[in-house]
Amino acid sequence: MTAQRTLLLSLRPRFAAAILAGTKTIEIRRRPVNASPGTPIILYASSPQMAVVGTARLGSVTVCPPDDGWQRFHDEFGLDREEYDSYLDGAANAHLLHVTAVNRLNEPLPLRHLREQAPFQPPQSFRYVAAGDPAGLRDLVNS
């Protein structure tokens with residue numbers, strides 16, 4: 001059996017905070033995310049915070065036209081209709097990541113500390129954690 005890959009999600013700090021607070025339970029992406037339910041997720045808050053702030057699990061993925069996604073799940077997005085429409089403008093489908101088992105780190109893991117361990121580049125949107133990534137990042141979900 002192969003080890004389960006870990007998804008590294010970049011989020012605006014306000015969305016990362018909303019996920020950690022439980023007010024945002026669905027993360028929206030324009031591109032498909034090829035991950036199965038139960039996949040570990042590392043939550044990275046982008047600039048100006050620039051730190052790993054928590055972990056979670058992927059509950060499920062809903063792929064649907066943007067209007068359908070808004071009608072069904074808007075209370076779980078943590079943003080307003082204008083932001084939603086602007087982000088998904090031109091996208092045929094919304095890729096909705098249902099986030100569960102959210103865990104806030106006791107102390108955020110700053111980007112500079114990760115880069116002291118190994119070369120590390122946070123993703124624009126998302127990517128999978130790689131073997132060459134800092135051990136401090138990989139260990140977040142292996143423990």
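Predicted model: local features only at pLDDT ≥ 70, side-chain atom pairs only at ≥ 80, totals over all residues.

Mentor: Residues are numbered from 1 along each chain as its sequence is written, and side-chain values use heavy atoms, with hydrogens and water left out.

Trainee: In what order do the elements of the protein chain run from the N terminus on?

Mentor: Helices (H or I, at least four residues) and strands (E, at least two) are DSSP runs, numbered from the N terminus. The protein chain has five helices and six strands. From the N terminus on, their order is β-α-β-β-β-α-α-β-α-β-α.

Trainee: What is the radius of gyration of the protein chain?

Mentor: The radius is taken over C-alpha atoms, and the globule rule is 2.2 Å times the number of residues to the power 0.38. The C-alpha atoms fill a box of roughly 45 × 40 × 25 Å along the principal axes. For 143 residues a compact globule would come near 15 Å, and the protein chain agrees with this, having 15 Å.

Trainee: Which residues have the most contacts inside the largest nonpolar core?

Mentor: A nonpolar core is a set of buried Ala, Val, Leu, Ile, Met, Phe, Trp, Tyr and Cys residues joined through side-chain atoms within 4.5 Å. Buried means under 20% relative accessible area, exposed over 50%, and partly exposed in between (1.4 Å probe, protein chains only). The largest core has 18 residues, and those with the most contacts inside it are L7, L9, V33, I41, L43 and V53.

Trainee: Which elements each supply at least two residues of this core?

Mentor: Helix α1 (13-21) is one of the contributors. The strands that do so are β1 (7-11), β3 (40-45), β4 (51-64), β5 (94-110) and β6 (126-128).

Trainee: How many residues of β3 are buried?

Mentor: Both faces of this strand are covered. On one side P40, I42 and Y44 are buried, and on the other I41, L43 and A45 are buried. The count of buried residues in β3 is therefore six of six.

Trainee: With which strand does β3 pair in the antiparallel sense?

Mentor: Two strands pair if DSSP finds at least two bridges between them. β1 and β3 run parallel, joined by five bridges, and S10 has Y44 in β3 as its bridge partner. The antiparallel pairing of β3 has six bridges, and its partner strand is β4.

Trainee: Which residue takes a positive phi in the hairpin of β3 and β4?

Mentor: The bridge partner of I41 in β4 is A56. Five residues lie between the two strands of the hairpin, and the residue with a positive phi, near 50°, is M50.

Trainee: Is E27 buried or exposed?

Mentor: E27 lies in strand β2 (residues 26-29). Contact means heavy atoms within 4.5 Å, and, not counting residues up to four places away in sequence, E27 touches L9, L11, I19, H95, L96, L97 and V99. With a relative accessible area of 7%, E27 is buried.

Trainee: Which residue caps the N-terminal end of helix α3?

Mentor: Helix α3 covers residues 81-88 and is followed by G90, whose phi is positive, near 85°. At its N-terminal end, a side-chain oxygen lies 3.2 Å from the backbone nitrogen of E82, and the capping residue that carries this oxygen is D80.

Note on methods. Polar contact = N/O pair within 3.5 Å; in protein donor to acceptor, adjacent residues only side chain to side chain.
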